[in-house]
Amino acid sequence: MAGWLFLGFLIAALVGLLVWRWANGKRTAGYLAFTEYWVYTDQLKLPPQEQLMDRMISANPHNRRGSACIGAREGMLFTDVRVHLAVALREKNPTQFRPDLFDEDVEPTKEVLDELSSCSALVKVRYASEAKLNDFRHLQFIPHMTDAISELMNGRVVFDTVAEKLYLAEEFREILAKNGQMERPDAHIRVVWKREPEGAFAQTLGLRKIGKPEIRTAHQEEDQQVLITGILMRLAFHLFRKPDEEGPFEFDEFGDVFVCELGPIKDGVQSVSMKRRRTL
């Protein structure tokens, strides 16, 4: 009986995918929604597709009664060419095993570095779409695929390459265990405080996952870090939920109203201005 149900799921997902791709498959100039995780491991062979699918669907430990993490909606992506899995060997890609050396906002712990030193391969779990997305089901599908790959291949470390964040494999699994519904902004977006000789500024990491450029502020005073990063995070979450809105956007913070306006895009990053409008 379970076999027939599984087959029915695959057929429904395939039919849905064909309809979905027909309706949404046109590329948009300059658009790219890109999500990628790397799973560091000591194994070199990907698990069979049937085993991977079973772990993500019926054997998913993050399922809750009456609420499957991967249903027919997300299952369409099993046969989507925009989903890509690949194994990279340490001996041919040594620099990729120290992501903190090529991504300045990556901050590995000692435990993560110790685990990375013992890994001989990494699995790239990627979703890239040049067709504008009408929904963000890939943000549910790809993390669960990453976790399944990690479990089936004895993963040690997970690297979110877009958010530039490293996790021990068990830490990443715990995130899904606490809340398996990953199609939410706090699971994918963070704000970093960066410093240049000209001054400091706040910037998002993660908006590229939904086809939006990262956004950054103008230079700010150091003592404004908490305020500015908080407002930018609120703006990023708003854009996640309503990506077609162009603003201006208003946010109440500490008794004042801040008006945010999006500016030009340069090198894939969009500027945002923040003006305080004092209230009486």
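Colleague: How many helices and strands are in the protein chain?
Modeller: Seven helices and 11 strands; those are DSSP runs, with helices being H or I of at least four residues and strands E of at least two, numbered from the N terminus. Keep in mind it's a predicted model, where local features need pLDDT of at least 70 and side-chain atom pairs count only at pLDDT 80 or more, while totals for chains, interfaces and linings use all residues. Residues are numbered from 1 along each chain as its sequence is written, and side-chain values use heavy atoms, with hydrogens and water left out.

Colleague: What share of the residues is buried?
Modeller: 49% of the 280 residues. Buried is under 20% relative accessible area, exposed is over 50%, and partly exposed is in between, with a 1.4 Å probe and protein chains only.

Colleague: And what about contacts between residues 24 or more positions apart?
Modeller: They account for 69% of the contacts with a separation of 6 or more, where contact means heavy atoms within 4.5 Å.

Colleague: OK, the core. Which residues have the most contacts inside the largest nonpolar one?
Modeller: M56, F141, M145, L232 and L235, in a core of 54 residues. Helix α7, residues 225-241, gives the most to this core, with nine residues. By nonpolar core I mean buried Ala, Val, Leu, Ile, Met, Phe, Trp, Tyr and Cys residues joined through side-chain atoms within 4.5 Å.

Colleague: What does L232 touch?
Modeller: Leaving out residues up to four places away in sequence, L232 touches V191, A202, Q203, T204, I215, T217, V272 and M274. Apart from that core lies another, of 13 residues, with F97, L116, V157 and L166 among them.

Colleague: Switching topic: which residues line the largest pocket?
Modeller: G30, Y31, L32, F34, R208, G211, K212, P213, L262, I265, G268 and Q270. A pocket here is an open set of points on a 1 Å grid over the protein atoms alone, where a 1.4 Å probe fits and protein lies on both sides within 12 Å along at least five of seven lines; lining residues have an atom within 4 Å of a point.

Colleague: How do the residues of that lining divide?
Modeller: Six nonpolar, four polar and two charged. Ala, Val, Leu, Ile, Met, Phe, Trp, Tyr, Cys and Pro count as nonpolar, Asp, Glu, Lys and Arg as charged, and the others, Gly among them, as polar.

Colleague: Now the backbone. Where is the cis peptide bond?
Modeller: It joins G247 and P248, with omega about 5 degrees. P248 is in the loop between α7 and β9 (249-253).

Colleague: What's the phi of E164?
Modeller: Positive, about 55 degrees, although E164 is not a glycine. Its place is the loop between β4 (157-160) and β5 (165-168). D267 also has a positive phi of about 55 degrees without being a glycine, and sits in the loop between β10 (256-266) and β11 (269-278).

Colleague: Is E164 buried or exposed?
Modeller: E164 counts as buried because its relative accessibility is 14%. D267 is exposed, with a relative accessible area of 73%.

Colleague: Last one: where is R126 found, and what does it touch?
Modeller: R126 is in strand β3, residues 121-129, and is partly exposed at 25% relative accessible area. Not counting residues up to four places away in sequence, R126 touches F34, T35, E36, R82, V83, H84 and I142.
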